[in-house]
Amino acid sequence: MNIVTVPFEEPLTVCINGETVKIIAFKTLEHGNIKFGVQAPRSVEVHREEIYHAIKQKMLNSVTE
């Protein structure tokens with residue numbers, strides 16, 4: 001895992017399989033919380049981790065049925 005320090009509202013650009021994804025962290029009014037903006041091509045799916053795992057599990061279940 002890489003640890004990268006970036007100021008709030010400054011983009012972090014990542015290249016994934018030739019696709020460019022920009023991630024921006026925003027402060028919120030709730031103490032201890034931040035929000036992320038993600039700009040990615042439509043061909044790149046973006047999900048929170050628990051949603052990603054639920055999708056993968058659903059796909060695995062449909063293959064085994």
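This dialogue covers a pocket and the strands around it in a predicted model.

Biologist: What should I know before reading the numbers?

Modeller: Residues are numbered from 1 along each chain as its sequence is written. In this predicted model local features need pLDDT of at least 70 and side-chain atom pairs count only at pLDDT 80 or more, while totals for chains, interfaces and linings use all residues; side-chain values use heavy atoms, with hydrogens and water left out.

Biologist: How much space lies in the largest pocket?

Modeller: Rolling a probe the size of a water molecule over the atoms shows where empty space is left. A pocket is an open set of points on a 1 Å grid over the protein atoms alone, where a 1.4 Å probe fits, with protein on both sides within 12 Å along at least five of seven lines. Points are joined across faces, edges and corners, and the volume is the space filled by probe spheres set on them. Here that is about 270 Å³.

Biologist: Which residues line the largest pocket?

Modeller: Lining residues have an atom within 4 Å of a point. They are V14, I16, V21, I23, F36, V38, V44, E45, V46 and H47. Two or more residues each come from β1 (12–16), β2 (19–27) and β3 (34–39); strands are DSSP runs of E, at least two residues, numbered from the N terminus.

Biologist: In which sense do β1 and β2 pair?

Modeller: Pairing requires at least two DSSP bridges between two strands. β1 and β2 are antiparallel, with five bridges, and I16 stands opposite E19 in β2. β2 and β3 also run antiparallel, joined by six bridges; I23 has V38 in β3 as its bridge partner.

Terms used:
Helices (H or I, at least four residues) and strands (E, at least two) are DSSP runs, numbered from the N terminus.
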